[in-house]
Amino acid sequence: MTTAKSIFTAAPVAKNKLLSQATASLFVRGEPLNSELTKRGNAMLSTAGSGGKLTLPDLPYDYASLEPSVSATTMQLHHTKHHQTYVNNSNDLLEKVDAALSSGDGSALIALSPAVKFNVGGHINHSHFWKNLCPASESAPPTGPLGAAIDTSFGNFDAFKAKMTAKSIAVQGSGWGWLGYNVETGLLEITSRANQDPLEATTGLKPIVGIDVWEHAYYVDYKNVRPDYVNGIWDIINW
């Protein structure tokens, strides 16, 4: 199972590969697309299967495995309905992007950009989120390089947890709280992103742990009390 620790440990190793993908050139009628569109295109292509289609990932646990922090009902709805919708919409967009690239229609690509950011971002974010979670019996505070990095960046784990909890609860409307790795400074950072904005494509930070604070992630279990949900999810983080 992919853990936050394994993602953090692999981040420096993957740096050159990721940078080479991020600098790949996309051209329309001989003119390079702007860097934002290039990043979004690369993010989209990196999540597609060999057939060029995005697919809903299987979960590494049963829907009921995260109870009582998150109910089986919430997990099933979140995974098979909400995430599946992002996958379906993204695949429709892939076809439209492909057509626009083939015809060299830069205006169409720009018009598609917000929907690509939202739907492909939703797929990227949720694919990461499922790996962030595990049954409570398997969750324990991080040790090793990740634990040391948290101490270096925030002082100690409790200080980190308090800061990320506050950041996630404070998201206005819908969005995500994130722990990300800054490859330039070598430090971890806490931030939030609105809606489905993917962390790496919009900030350059490599995602380590994300907390989904859209209401569909917690309304069945916690109604509109987001703080209770965020506090509860710490019991099932897959460090």
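Mentor: Keeping in mind that this is a predicted model, let us begin with β3 and β5, which run antiparallel and are joined by six bridges.

Trainee: Okay, and which residue stands opposite Lys 206 in β5?

Mentor: That is Tyr 181, which stands opposite Lys 206.

Trainee: How many bridges are there between β3 and β4, then?

Mentor: Strand β3, covering residues 175–182, pairs with strand β4, residues 187–194, over eight bridges, and this pairing is in the antiparallel sense. Within β4, Thr 191 is the residue that stands opposite Trp 178.

Trainee: And what about the hairpin, how many residues are between the strands?

Mentor: The hairpin of β3 and β4 has four residues between the strands, and in it Gly 186 takes a positive phi near 75°.

Trainee: In what order do the strands sit in the sheet?

Mentor: The order is β4-β3-β5, with three strands forming an open sheet whose pairing is antiparallel. Because β4 and β5 (206–212) each have a single partner strand, they stand at the edges, and one side of each is left without a neighbour in the sheet. On average, ignoring direction, neighbouring strands of this sheet are turned by 25° against each other.

Trainee: Switching to helices, which strands does α5 lie across?

Mentor: Helix α5, made of residues 144–154, lies across β3, β4 and β5, and it runs at about 80° to β4. Helix α6, residues 157–169, packs on the sheet and touches β3, β4 and β5, while its direction makes about 15° with that of β4.

Methods. Residues numbered from 1 in each chain as written. Predicted model: local features only at pLDDT ≥ 70, side-chain atom pairs only at ≥ 80, totals over all residues. Heavy atoms only, no water. Pairing = 2+ DSSP bridges. Helix = DSSP H or I, 4+ residues; strand = E, 2+ residues; numbered from the N terminus. Axes fitted to C-alpha atoms, helices over the stretch in contact; angles between N-to-C directions. Contact = heavy atoms within 4.5 Å.
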